[in-house]
Amino acid sequence: MKGKYYTIQIIPEDSHEIKKYRVSTKWFVMAKVALAVFIVVAAVFIFNLAKINRIVASYEKMRVTNAQLIKKDNNYEEMFSRLDSLWVMENRIQNIFETFIENDSGKINSIIDRNRFSHTPNERIEVDYEGIHGWQPQEEKVRLERIPSILPVVGLLSKKFSEDEEHLGVDFSAQQGNPVYATGSGSVEFAGYKEDLGNNVIIDHKNGYKSTYSHLKEIRVRKGWSVSKGNVIGTIGSTGNTSGNHLHYEIIKDGVKQDPEKFFNF
């Protein structure tokens, strides 16, 4: 069977000669196939080119994100380094005051007894102990016990007595929940909440002296109770107007507030 043919005529404007071309239908079929293949190849190329562009754009975004993550990682490393330094410092302080392992009141009392004489104040207060040197009768021992002379807590002295700054006591920084001790024997005059001072205990030592303990977390005595030197009267806290856990401690003699540091060497 003979194939079909098409005749194509070309007539130039400036010539009377007509040019004729005889083309087989097979060439048209081949041209259609070639065009289809070209369209498919072009479509695949365009699709892959778009995909490559998306990958390139994504890579740039990932590069920026990665740079930000590296910067954050460096900041975190610096922060962790500072935290490690603070942790080491805290451990050293805790080791000094033995607050990190001892919660037993008996052991803490022994720590206070061992260290209460080691503090050396700038000035020594003159207290009349009425013959405490050498042998003492029972009455003198009772009077001595009523002098508020031991440390009220195992902690770090963080703020001193200052009349200029109107800070008429001393502050001790310590862990929350650590016990607070009566610094002398006496009777509980007040045990309750006092605005800026938070949970507060006042002990009247019945000799002209009073001692006060502020910002307590817990109060473990009641008004009217008798307490002995070294008894636990509360725990360290941050109640009232305060920026952190600490004890504000005052000594009052005949209505005048004294510098508690001057008593800690007795």
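# Notebook: buried rings and an exposed patch

**Entry 1.** I looked up Tyr249 and found a relative accessibility of 0%, so Tyr249 counts as buried. The term buried means under 20% relative accessible area, exposed means over 50%, and partly exposed is in between, with a 1.4 Å probe and protein chains only. I note that this is a predicted model, in which local features need pLDDT of at least 70 and side-chain atom pairs count only at pLDDT 80 or more, while totals for chains, interfaces and linings use all residues. Residues are numbered from 1 along each chain as its sequence is written, and side-chain values use heavy atoms, leaving out hydrogens and water.

**Entry 2.** I then took the whole protein chain. I found three helices and twelve strands; helices (H or I, at least four residues) and strands (E, at least two) are DSSP runs, numbered from the N terminus. Of the 266 residues, 32% are buried. The chain exposes about 18,400 Å², with 55% supplied by carbon and sulfur atoms; such areas come from the Shrake-Rupley method with a 1.4 Å probe, and for residues only the protein chains shown count as cover. Among contacts (heavy atoms within 4.5 Å) with a separation of 6 or more, 58% are between residues 24 or more positions apart.

**Entry 3.** Which residues touch the most other members of the largest nonpolar core? I listed Phe172, Val201, Tyr213, Ile233, Leu247 and Tyr249, out of 24 residues in that core. Strand 4 (170–173), strand 7 (198–204), strand 8 (209–219), strand 10 (232–236) and strand 11 (246–253) each give two or more residues to this core. A nonpolar core is a set of buried Ala, Val, Leu, Ile, Met, Phe, Trp, Tyr and Cys residues joined through side-chain atoms within 4.5 Å. In soluble globular proteins, nonpolar side chains tend to be buried together. I also checked Val201: leaving aside residues up to four places away in sequence, Val201 touches Val188, Phe190, Ala191, Ser211, Thr212, Tyr213, Leu216, Ile219, Val221 and Ile233.

**Entry 4.** I counted four aromatic pairs in the structure. Rings of Phe, Tyr and Trp (its six-membered ring) pair if their centres lie within 6.5 Å; planes under 30 degrees apart count as stacked, over 60 as edge-to-face and the rest as tilted. For Phe172 and Phe264 the ring centres are 5.9 Å apart and the planes are at 55°, so this pair is tilted. The pair links distant parts of the chain, with Phe172 in strand 4 and Phe264 in the segment after strand 12 (256–258), 92 residues apart. Phe172 is buried at 3% relative accessibility, and Phe264 is buried at 2%.

Tyr213 and Tyr249 form a tilted pair, with 5.3 Å centre to centre and 45° between the planes. This pair also links distant parts of the chain: Tyr213 is in strand 8 and Tyr249 in strand 11, 36 residues apart. Tyr213 counts as buried at 0% relative accessibility. I found that ring pairs link Phe172, Tyr213, Tyr249 and Phe264 into a cluster.

**Entry 5.** I looked at two loop residues. Glu195, in the loop between strand 6 (186–194) and strand 7, has a positive phi of about 30° although it is not a glycine. At 66% relative accessibility, Glu195 is exposed. Lys206, in the loop between strand 7 and strand 8, has a positive phi near 60°. Lys206 is exposed at 54%.
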